[in-house]
Amino acid sequence: MAPAPTRGTFRFDKYMAVMVALRESGYPLTEHAPAPMPRRWLEAVHCPDYVEQVFTASVPHEKERRIGFPVTPHIAQRVAHTNGGTWLAAQLAKQHGYAANSAAGSHHALHDTGAGYCVFNDLAVCANRLIAEGDAARVLIVDLDVHQGDGTASLTAGRDDIFTLSLHAEKNFPVRKARSSLDVPLGDGVDDEGYLEALDRHLPGIFADFAPDMVLYQAGVDVHGNDKLGRLSLTDEGLERRDAYVIDETRKRGIPVASALGGGYGRDPREVADRHARSMLACARTNARSASASVSDVIG
C-alpha cells in the first residue's frame, strides 16, 4: 500500500482498516495482490498525455486540485495496482461468481484528468478491457455510490456494449452531471425503503433489456445516513439489503459480478471501514448462498 500524501484531505488510512475489518470478521476469504493495470490498457480509455503526467508525477496543479491530493510516484503506483485489482476481481468473479476489490471504484476520473479523489477510472478501463479481450460481450456497471458516476458515464458514452446505471443523490457532487445510460436521481434524505424501491423499479428491467454477461458493481457506502459527504439516509440494515439485492439479482441469472469499494467518508476511518467490510461480506454471503460456495475472493 502506498503511503498517504502529505497534502490533501482524503483519508487513505481507511483502506488498511478495511482489510483489518475483513480479517477480523472470521469469514473465509482468499486475499490476492493484483498486478498493476498495463499502461496501454489505461491509455485505451484515458488520454495518453494524462497517463504520462500521472506516471511521471507531473500532473498539473489544477488537475491535482480537481483530484483532491497530489499525484506522487507512490500514488501513481498505487492507482495502477488498484485499477489492476478491479480487473483481477472480474477475472476471479468469472470463476467464483463474485469477487471484491477492497479499493478503487474511481468513477469520477475523466478522459484527460482525475477528479473527486479519483485518478484513473478502473470501472471504465476494466469494462473496456473485458470486451476487448473477449471476456464479456456486454458489461453492466451498477453504480450505487451516493455521487453520480460522471466519469464512467462520460468515458463509456455512446457504447451499446456497456450500460451505466447510477442511483445517486440529486443535489450532491458533481454539480454538473454527465448522462449515464440510466440516471436515477434521489432527493435528500431518501431512506432504506425508498432507495430499495427505486433500485427494484429499474434493475430487473435492465437485466431483461440489456442482457449483460458481466456486472461491475460500484458499492459505495456513502449512501449511509451518517456519511460525511452523503445526503441520503440508509441504515446499516439498508446497506446490507441493497448489496444482497444486487448480488442476488445478478447471480440468479448466472452472471458474474465484481465489486469495487467506492465512496465512504467520516472522521473515524475504522467506522467507515467497517461499513465497507460489511458491504463486501453481504455480497460474499449472498453469492455463497446462490452458488453454495464457501470461499470468496478479496483483492487487497
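Mentor: Let's begin with F210: the charged end of R138 sits over its ring, 4.3 Å from the ring centre. (For a charge to sit over a ring, NZ of Lys or CZ of Arg must be within 6 Å of the centre and within 35 degrees of the ring normal.) This is a predicted model, in which local features need pLDDT of at least 70 and side-chain atom pairs count only at pLDDT 80 or more, while totals for chains, interfaces and linings use all residues. Residues are numbered from 1 along each chain as its sequence is written, and side-chain values use heavy atoms, leaving out hydrogens and water.

Searching the whole structure gives five aromatic pairs. In the pair of W41 and W87, the ring centres are 4.9 Å apart and the planes stand at 70 degrees, so these two are edge-to-face. (Rings of Phe, Tyr and Trp, the last by its six-membered ring, pair with centres within 6.5 Å; planes under 30 degrees apart are stacked, over 60 edge-to-face, and the rest tilted.) Because W41 belongs to helix 2 (residues 39–43) and W87 to helix 5 (residues 73–96), the pair ties together parts that are 46 residues apart in sequence. (Helices are DSSP runs of H or I with at least four residues, strands runs of E with at least two, numbered from the N terminus.)

Are these two tryptophans buried or exposed? W41 counts as buried at 10% relative accessibility, and W87 is buried too, with a relative accessible area of 15%. (Buried means under 20%, exposed over 50%, and partly exposed in between, using a 1.4 Å probe and protein chains only.)

Elsewhere, Y50, F55 and F120 come together as one aromatic cluster.

Let's finish with the backbone. Y117, in the loop between strand 2 (98–101) and helix 6 (122–132), has a positive phi of about 70 degrees although it is not a glycine. With a relative accessible area of 26%, Y117 is partly exposed. A211 has a positive phi as well, near 55 degrees, and is likewise a residue other than glycine. You will find A211 in the loop between helix 8 (192–210) and strand 6 (214–218), partly exposed at 44% relative accessible area. The peptide bond from F173 to P174 is cis, with omega near -5 degrees, and P174 is in the loop between strand 4 (162–169) and strand 5 (182–186).
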